[in-house]
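Colleague: I am new to reading protein structures, and I would be glad if you could take me through one slowly. Please give me the general idea each time, and then the case at hand.

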Amino acid sequence: MQNEADHRIIAEFDDRGFVVIPNALTPTEVRTLNAAFDRYIADYPDEWAHFSPSFIQTVDVLPRTDAFDGAIENPQILRTVQKLLRDDIAFEELSLMIRNPTDTTGELKGWHRDIIRSFERRHEINAISVVYYLTDVTERDHCFSIVPQTHAGRVDMRPEEVLPGMEFDALGPAGSAFIFHARCIHAGKLKLGSASRRTMHLYYGPADAPRTSEWTSIPPRLTDKHDPALPPRLYAKANRTDIIEGTGFKPRDVDPAMNTAEMLMHLQRRVNTPRPTAG
């Protein structure tokens with residue numbers, strides 16, 4: 001039965017570019033992670049980047065707490081990602097995200113691919129993302145939305161070509177996980193009247209490939225771990241210096257005294273500032 005389930009998941013992922021894993025977290029795990037979320041908000045308020053009143057994120061959590069280690073090492077998710085990548089896998093990034101109620105549905109990022117925004121470099125994107133829902137997400141709530149097959153069969157689609165109705169909205173109760181190829185076009189879909197939504201976002205990639213992100217520090221308690229139940233090179237990218245030139249690459253021309261949240265906010269302002277035209 002397990003082999004049949006694995007074959008179904010692989011076939012669905014290869015076709016659509018994503019797969020839904022219900023009950024990836026138990027109710028107890030959801031409660032524990034939400035409590036850790038609350039503690040991190042209270043203990044480290046300056047580590048959260050407030051991109052807008054409805055979009056708050058923190059990306060360098062692991063040096064300050066081990067409360068989220070279990071989500072990285074979730075056996076069901078690791079087994080699935082290993083099969084989907086068909087390679088030795090390594091952990092890349094973990095972030096926590098809050099999507100608050102809002103009176104506007106304008107999305108900051110819009111439709112996009114992760115890691116590398118340049119359309120011409122889309123084939124370089126080879127990582128898998130896992131989104132855990134820590135709150136229930138119904139048809140009335142902000143949700144993760146994805147355009148099927150844009151990792152492969154529709155890989156030549158540009159984000160600006162997405163039309164209403166092409167997307168799949170990932171709905172589900174707390175504890176659900178959505179695994180998708182980072183090459184797929186996706187966005188956060190904001191909805192009027194939504195409750196506050198909490199999610200965890202993790203990335204895994206081939207262990208031998210350059211690291212996709214240096215925003216998340218991987219502390220010694222993880223790199224020094226010797227657990228035969230884990231993929232052997234799960235934390236192999238902790239000290240990698242070859243970083244893919246893209247959204248996970250920290251620009252070298254910013255003040256190194258900035259904390260991670262300040263740096264992310266600075267970069268977002270830079271992206272949103274119109275460049276002067278010649279002439």
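Modeller: Let us begin with a pair of residues, Glu92 and Lys237, both of which are buried, where buried means under 20% relative accessible area, exposed means over 50%, and partly exposed lies in between (1.4 Å probe, protein chains only). Please keep in mind that this is a predicted model, in which local features need pLDDT of at least 70 and side-chain atom pairs count only at pLDDT 80 or more, while totals for chains, interfaces and linings use all residues. Residues are numbered from 1 along each chain as its sequence is written, and side-chain values use heavy atoms, with hydrogens and water left out.

Colleague: In what kind of contact do the side chains of Glu92 and Lys237 meet?

Modeller: Side chains of opposite charge can pair when their charged atoms come close. Glu92 and Lys237 meet in a salt bridge, with 2.5 Å from N to O; the term stands for a side-chain nitrogen of Lys or Arg within 4 Å of a carboxyl oxygen of Asp or Glu. Glu92 belongs to strand β4 (residues 89–99) and Lys237 to the loop between α5 (220–223) and α6 (260–272), so the pair ties together parts that are 145 residues apart in sequence. Helices (H or I, at least four residues) and strands (E, at least two) are DSSP runs, numbered from the N terminus.

Colleague: How many salt bridges does a search of the whole structure find?

Modeller: The search finds 19 salt bridges. One of them joins Arg64 to Glu47, whose closest N and O atoms are 3.4 Å apart. This pair links distant parts of the chain, since Arg64 sits in the loop between β3 (55–58) and α3 (69–72) and Glu47 in the loop between α2 (27–43) and β2 (49–52), 17 residues apart.

Colleague: Are Arg64 and Glu47 buried or partly exposed?

Modeller: Arg64, at 30% relative accessibility, counts as partly exposed, whereas Glu47 has a relative accessible area of 12% and is buried.

Colleague: Which residues of helix α4 are buried, and how should I read such a list?

Modeller: An α-helix has 3.6 residues a turn, so residues three or four places apart point the same way. In helix α4 (residues 75–85) the buried residues are Ile77, Leu78, Thr80, Val81, Leu84 and Leu85. Viewed down the axis of α4, they fall within an arc of 165°, so they line one face of the helix; the arc is that of the directions from the helix axis to the C-beta atoms.

Colleague: What is found at the N-terminal end of α4, and what comes just after the helix?

Modeller: Asn74 caps the N-terminal end, with a side-chain oxygen 3.1 Å from the backbone nitrogen of Gln76. Just after α4, Arg86 takes a positive phi of about 55°.

Colleague: Which residues does Thr260 touch?

Modeller: Thr260, which is found in helix α6, is buried, with a relative accessible area of 11%. Leaving aside residues up to four places away in sequence, Thr260 touches Val59, Asp60 and Trp215, where contact means heavy atoms within 4.5 Å.

Colleague: How many helices and strands are there in the protein, and what percentage of its residues count as buried?

Modeller: There are 6 helices and 10 strands in the protein, and 51% of its 279 residues count as buried. Its C-alpha trace spans about 65 × 45 × 40 Å along the principal axes.

Conventions:
A polar contact is a pair of N or O atoms within 3.5 Å; within protein, one must be able to donate a hydrogen and the other to accept it, and residues adjacent in sequence count only if both atoms are side-chain atoms.
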